[in-house]
Amino acid sequence: MSEIVYPPVILTAMTLFRALDLKLHIEGADHVPRQGGAVLVSNHISYLDFIFAGMGARRSRRLVRFLAKKEVFDHRISGPLMRGMHHIPVDRAAGAGSYAASLRALKAGEVVGVFAEGTISRSFTVKEIKNGAIRMAAATGVPMIPVGLWGTQRLWTKGRPRNLLQRHVPITILVGEPIHPKRGDDMAARTGELSARLTELLDRAQRTYPEIPAGVWWQPRHLGGSAPTPEEAAAMDEAEAAKSGD
């Protein structure tokens, strides 16, 4: 597969991160296999999560093909970049196509990135997750790698203004041990396992974060922040969906 776009995009991002002095902390990167297919599953708190989750695979020299909504591919600027990096468009009206494309990529030995919550979590906790990533891994016999991200929401998240040039922001990327779903597994049990693993990684990232101020908008309510509770966030998501007609 030709990689004309992806490496320069990574180089540009890393140059910007150094200029902004972002404090990147990555643990567990060796859990990403150096060859063969794998499903990378991350929590979702920022529009930039695909960049930082993908960084968890850099030590293994892997390029992650993320599933992203079709609208991102339709944009005149982001579209050519997303296609050039061979990410996978998701059309909510025809989800079978993206699922089939993901299976082909996994069988070809690619690492496919999935945000199992589907949308950004406004509460900065793990929302109810979907089982697509588990089904992909089970169908192709590849490992599923959970990833916990924290700090990315401070740069750009749902309902908040972008602050992409903010300096010295700590970013935590925790890569967990692989999970190995198999055909015939209890899907509800596997979904619960993945949710628990993502929650554990996120909680550890939050509690070991270098900055834990009280009352800030980017901190979850249960840790003293002013972010919406999961119940409040769910109500906000429902209101947004109703307004857009989804």
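Hi everyone, let's start inside: the largest cavity is lined by 15 residues, and Tyr6, Ile10, Phe50, Ile51 and Met55 lie nearest its centre. A cavity here is a set of points on a 1 Å grid over the protein atoms alone where a 1.4 Å probe fits but cannot get out, and lining residues have an atom within 4 Å of a point.

A quick word on the model: it is predicted, so local features need pLDDT of at least 70 and side-chain atom pairs pLDDT 80 or more, while totals for chains, interfaces and linings use all residues. Residues are numbered from 1 along each chain as its sequence is written, and side-chain values use heavy atoms, without hydrogens and water.

Back to our cavity, whose volume is about 180 Å³. Which helix gives the most to the lining? That is H1, with five residues; helix H1 (6-20) and helix H2 (49-55) each supply at least two. Helices are DSSP runs of H or I with at least four residues, and strands are runs of E with at least two, numbered from the N terminus.

Now the sheet. Seven strands form an open, mixed sheet in the order S1-S7-S6-S2-S5-S3-S4, where pairing takes at least two DSSP bridges. At the edges, strand S1 (23-27) and strand S4 (88-90) each pair on one side only. Further in, S2 (residues 38-42) and S5 (residues 111-115) run parallel, joined by five bridges, and Val41 stands opposite Val114 in S5. Helix H6 (residues 132-140) packs on this sheet, touching S2, S3, S5 and S6, with contact meaning heavy atoms within 4.5 Å.

Definitions and conventions:
Axes fitted to C-alpha atoms, helices over the stretch in contact; angles between N-to-C directions. 1 Å grid on protein atoms, 1.4 Å probe; cavity = no way out; pocket = protein on both sides within 12 Å on 5 of 7 lines; lining within 4 Å. Points joined across faces, edges and corners; volume = space filled by probe spheres on them.
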